[in-house]
Amino acid sequence: MALVALLKGANVGGHRRFRPTVVAEQLQHLDVVNVGATGAFVVRGPVRRTELRAEIANRLPFKAEIIICEGREITRLLSYDFFSDHARRADIVRFAGVMSRAPRSAPELPMNLPSRGKWLLKVLARDGRFVVGLYRREMKVISELSRLDQVFGVSVTTRSWGTLSAVGRVLDGSARR
C-alpha cells in the first residue's frame, strides 16, 4: 500500500524553503517519489506512518506539519468529477485540501470565502478527509486558504488538482510495478 505525505506550508512565498528532490533522494530506501515543489511525496516502500513522519521530519531544515494519507484515498478522490459545472479558466485554480483527520463537524457546502462580496475561495464538496474547490489566482487567497483550518476545525494542507493528478499518475504506475 502506497502512502502520500504532504508538507503543510513549505516552499510557499519564499518561506520554509527546502529542496523536495533532495529529501526524496535521501529516502530512496523507502522508494519515495517527489511530486512538485511544495512537499508532496509518494512513498511506495513499506513503512509505518509514524516512521515515515520521523524520516521526513529529520531531513527538513525546519519543523513541519506532515499530513499522511493512503494512496488509494487519493486515487478514489481523483475518480470523481467535482468540477463538471465549472469551466476551466486561467484565473481560477482547482484544488483539494487534505485534512489531518476527518472533522467532527463541517459547514454546509458549497461555501464561499469571504462570505460576502467577490469570492476568493469556493469550497464545492467534502469527501472524508478531503475538501475540493476553486480559488482565484490572487495573493489575498492565501489568507482564505489558511481559514480552512478554522472552518473545519482540523489542519488542512492544499494542493492544486494538477499536483494531485500527478500524484495519481505516480500511484497508478506503482500499482503496475
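1. Across the whole structure, a search finds 11 salt bridges, a salt bridge being a side-chain nitrogen of Lys or Arg within 4 Å of a carboxyl oxygen of Asp or Glu. The structure is a predicted model, in which local features need pLDDT of at least 70 and side-chain atom pairs count only at pLDDT 80 or more, while totals for chains, interfaces and linings use all residues. Residues are numbered from 1 along each chain as its sequence is written, and side-chain values use heavy atoms, with hydrogens and water left out.

2. One of the salt bridges joins the side chains of Arg 44 and Asp 31, at 3.0 Å from N to O. Arg 44 lies in the loop between strand E3 (40-43) and helix H2 (49-57), and Asp 31 in the loop between helix H1 (20-26) and strand E2 (32-35), so the pair ties together parts that are 13 residues apart in sequence; helices (H or I, at least four residues) and strands (E, at least two) are DSSP runs, numbered from the N terminus. Arg 44 is partly exposed at a relative accessible area of 24%, and Asp 31 is partly exposed at 23%, where buried means under 20% relative accessible area, exposed over 50%, and partly exposed in between (1.4 Å probe, protein chains only).

3. Arg 48 and Glu 51 form a salt bridge in which the closest N and O atoms are 2.8 Å apart; Arg 48 is exposed, with a relative accessible area of 56%, whereas Glu 51 is partly exposed at 36%.

4. Arg 147 meets Glu 144 in a salt bridge of 2.9 Å, N to O. Here Glu 144 counts as buried at 9% relative accessibility, while Arg 147 is partly exposed at 31%.

5. A network of salt bridges links Arg 49, Glu 70 and Arg 72.

6. Turning to the sheet, 4 strands form an open sheet in the order E2-E3-E1-E4 with antiparallel pairing, two strands being paired if DSSP finds at least two bridges between them. E2 and strand E4 (65-70) stand at the edges with a single partner strand each, so one side of each is left without a neighbour in the sheet. From one strand to the next, the twist averages 25 degrees, with axes taken as lines fitted to C-alpha atoms, for helices over the stretch in contact, and angles running from 0 to 180 degrees between N-to-C directions.

7. Strand E1 (residues 3-8) and E3 run antiparallel and are joined by 4 bridges; Val 4 has Val 42 in E3 as its bridge partner. H2 packs on the sheet, touching E1, E3 and E4, and its direction makes about 140 degrees with that of E4, contact meaning heavy atoms within 4.5 Å. Helix H3 (residues 71-78) lies across E1 and E4, running at about 75 degrees to E4.
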